[in-house]
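Have the structure open as you read along.

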Amino acid sequence: MDIFLQQIINGLVVGSIYALIALGYTMVYGIMQLINFAHGEIVMIGAMVTITCINLLIGAGINLPGPLLLLAGLLMAIPVSMLLGFAIERIAYRPLRRAPRLAPLITAIGVSIVLQQAAMLIWGRNYRPFPAILPTEVHDFFGAAITDLQVAIVVLALLLMGGLFFLIERTKLGRAMRATSQNPEVAGLMGVNINTIISMTFMIGSALGAMAGVMVAANYDQAHAYMGSLIGLKAFTAAVLGGIGNLAGAVVGGILLGLIESMCAGYLSSSYKDVFAFVVLIGVLVFRPSGLLGERVADRA
Amino acid sequence: MNAPQQLLAIEGIHKRFGGLHALNDVTLSINKGEIYGLIGPNGAGKTTLFNVLTGLYLPDEGKFNFDGKNLFRQKPYVVVESGIARTFQNIRLFHNMTALENVMVGQHVRTKAGVIGAVFRNPSAKAEEATIKARAEELLDYVGIGKRKNELARNLSYGDQRRLEIARALATKPILLALDEPAAGMNPNETAALKTLMEKIRSDGVTILLIEHDVKLMMGLCDRIAVLDYGKKIAEGVPEQVKNDPRVIEAYLGVAPE
Amino acid sequence: MAIDFLKTPRQRLAVYIALAVVLAVLPWALGGLFENGKSWLRAVDFALLYIMLALGLNIVVGYTGLLDLGYIAFYAVGAYTYALLNSPHLQAMLPVWMMHPPFVVMIILAAFMAGLFGVLLGTPTLKLRGDYLAIVTLGFGEIIRICLNNLDHPINITNGPQGLNGISKVHLFGLDFGKPIQWLGLTFDVAHSYYYLILAFCALIIFVTLRLQQSRIGRAWVAIREDEIAANAMGINTRNIKLLAFAMGASFGGVSGALFASFQGFVSPESFVLMESVMVLCMVVLGGMGNIPGVILGAILVSITPELLRDAINPLQSAVFGRRVFDPENLRMLIFGLAMITIMLLRPEGLWPSRRRKLEIHEHEEEATA
């Protein structure tokens, strides 16, 4: 088996998931300069709701093909996550928009704890297996193994990213979002309803996060109430690596991080792969303090 | 009368930001004890030159000598130590510190107590701290805001904030004090008081470099004036001379005088 | 705030004496009042360790304004420094003179090592701002933890995830803190004697912080927080002053870590996870950044509340539902999270902010309503 190609494939799969989640971080950051610490938990809730939904359908004896079951689960999980994202912003962040910078960070951490513990209360402390509804056959791809699921994850992630870019660059909503991230006050004066834009940003980010959550659960065949913190941390790292606040940066950072990790796991040591990822991050930031694609902020005296 | 003694000399300074040539071959010299004015239209590079002279920007090429020292591409704290202090066009005080504390911070570079001194308060550290405080109070009185010493900088009036910035800069014991548009946004009374203050500072032996838009103020105050336009020095001389220079009039009005 | 009405030195002295008396009898009071007084005393000991951590982080975050999300790494460095030199694990590898150094030497060494790591972290991150710094410090914390977790091969240095066992207790003034100590007819258990030991270090750190705050160095830190460019232009060597903040903050963490290792008798990487860093940050921000009493209050609340909830949660559940419906462990952390959100929403400036910070926030409110 070709290790190099295999690690590239694995890295791309994980990387495109990171990228999707990183987009959620970076969109919120671009508009409000806030690290939405609870985003990882949205990813987890998305995965959990989908699994529960699929299990319920199977339990009710509804025998749909796997992908359709998955779709049904997603149709449930996406609105739930969007609602959750909306509610978090309204309750925990909006009242603190003029507060000291660290106050919303602390409420974000609080929300993250609450969601994690609530998920434990609802779904228990154990790993939830992902229902075996998807085809598992392995294809040979120039000596490397690849599954339909892996292909589907990468393709779907790319489609979602393309859709998001279209939304941001080509639609009225996207223009309003860009204007708000440039300068909220001026955007407000120009008739943009900033509150609506921020809510929309959270909801779109949460929807992407929920889908990413399902991808994670399907890819690793399991989900857990604590899964959000690690994956969220990785995705946030990816967003910073690419240049936080920059959408293309989140995608580049995500895929790069995925590749770095899988290469390190394949050739060096899997226990040090996170160390390696952070070392690369620090190295990049030393030379480019605003990330790979981030704008260089000149010191204006 | 003694021949003017050169204090600061820059030669052929260039500074580029990407494609923008912000300073193009700027040469000028400032003499000890004078008030030297820097004028020019918006975007001419005045503040950029200021930032180069105070170490916040590193110039790309040129020479920069001050008081017998080479300060080319030196760190800001070295520049301050050598005796150049500044204020900012858009006031940059330590907003949540009191007026007194702001001026105490200004003395950082002239004092040396470290962690050990801070923790053990040995006699020399204690004496130094007392001197810092006394001198800060003195300087606040000097610029005329001694009564406001315990107010947070952010709560001072605009004019008082400008004065506090000057006091903070003076706290570094400068030889050259660089003021970036100190009269911006002031009413005529405040401007007149500021003028008096600057003359007092000069008479106390500090050389002043001044950026200002208020041409009347500049003409009445400066010994010599340099004019920047598009990053180049287009004129230099005594106020009368500069005022009548056709290139200066063109730069300001956009047309050559008839 | 509360300090304001303690105007005269006499009143202040009276309060300090009262406080000293309360702190001196606290362990005995806990033992007398509660059935499980011993575990409460342990909780108090840990709260004191957290106070030191919070005060250390306060130098970096509260004074200098640098957001550090990996602070617990310095606690880990202090703890492992102590543990490696005071447990049987490395006995075979290290020369005899290095093992079991005197306590004072050990504490200084732990502070120094942690400070060294503080500089190590600070150096590459000097140019980074705000949230970029946050993620790098977070990464640094994780790097330290992962290394502790994996340095059991090829050479076994840290003993990996199993951690280090059999760490000896403190020996000071001829006393062995690992055994009950008899003094004036009183018996001091391990948790008792450690309470006084940790309390003493806590007082020392509070003293050092106070002194630093009112010094040339402390003012330079705050100046950097307020406006780094202006601080630079005023001749502050921002690089060195920032590194000093990192080193000082880290060394407090190192001292706390060393005491933790000896008190606990066991260390493992699990004690130094990201969540711990986050909790210390919460202590600083919830209590009131930059204000020493506030930070202490924050540390006590954040470390004791989960313990209080632990005792209260089951009776509460039976009272409400008549039986145990939810896992108490999850429920108490859930309530804790809700409490954090509520406090921040009600008091964004923290529970006990410094006077100047409070002024600042309330001005913002006026601007917002105007």
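Predicted model: local features only at pLDDT ≥ 70, side-chain atom pairs only at ≥ 80, totals over all residues.

Seven residues of domain 1 of chain C and eleven residues of domain 2 of chain C take part in the contact.

Together, domain 1 of chain C and domain 2 of chain C bury about 740 Å², and 74% of that comes from carbon and sulfur atoms. On the side of domain 1 of chain C, the residues that lose the most area to domain 2 of chain C are Pro27(C), Trp28(C) and Leu30(C), which together make up 71% of what that side buries.

## The two domains of chain B

For chain B, the domain assignment gives a domain 1 written in two segments, 6-83 and 174-253, and a domain 2 that covers 98-160. The C-alpha centres of domain 1 of chain B and domain 2 of chain B are separated by 28 Å. Here domain 1 of chain B brings twelve residues to the contact and domain 2 of chain B brings six residues.

The buried area between domain 1 of chain B and domain 2 of chain B is about 710 Å², with 54% on carbon and sulfur atoms.

## A helix pair in chain A

In chain A, look for helix α1 (residues 3-32) and helix α5 (residues 148-170), whose axes come within 9 Å and cross at roughly 30 degrees. α1(A) and α5(A) are therefore roughly parallel to each other, and their crossing is left-handed.

From α1(A), the residues that meet α5(A) include Ile9(A), Leu12(A), Val13(A), Leu20(A) and Met27(A). Among their partners in α5(A) are Ile153(A), Val154(A), Leu160(A) and Leu164(A). By class, the contact of α1(A) with α5(A) holds 14 nonpolar and three polar residues, with no charged ones.

## Two helix pairs in chain C

Back in chain C, helix α3 (residues 72-86) packs with helix α4 (residues 103-125) at an angle of about 140 degrees, and their axes are 8 Å apart. α3(C) and α4(C) are therefore oblique to each other, and α3(C) passes α4(C) in a right-handed crossing. The contact draws on residues including Phe74(C), Val77(C), Tyr82(C) and Leu85(C) of α3(C), together with Met106(C), Met113(C), Phe117(C) and Leu121(C), among others, of α4(C). Sorted by class, the contact of α3(C) with α4(C) has eleven nonpolar, four polar and no charged residues.

Further along chain C, the axes of helix α11 (residues 292-321) and helix α12 (residues 328-346) cross at roughly 125 degrees and come within 9 Å. That makes α11(C) oblique to α12(C), and the crossing of α11(C) and α12(C) is right-handed. Glu307(C), Arg310(C) and Ile313(C) are among the residues of α11(C) in this contact, while those of α12(C) include Glu329(C), Arg332(C) and Phe336(C). How many charged residues does the contact of α11(C) with α12(C) have? There are four, alongside eight nonpolar and three polar residues.

Notes: Residues numbered from 1 in each chain as written. Chains lettered and ligands numbered in written order. Heavy atoms only, no water. Axes fitted to C-alpha atoms, helices over the stretch in contact; angles between N-to-C directions. Helix = DSSP H or I, 4+ residues; strand = E, 2+ residues; numbered from the N terminus. Parallel < 35°, antiparallel > 145°, perpendicular 65-115°, else oblique. Left-handed = near helix turned anticlockwise from the far one by under 90°. Contact = heavy atoms within 4.5 Å. Nonpolar A, V, L, I, M, F, W, Y, C, P; charged D, E, K, R; others polar. Buried area = accessible area lost by both parts, 1.4 Å probe. Domains from an automatic or database assignment.
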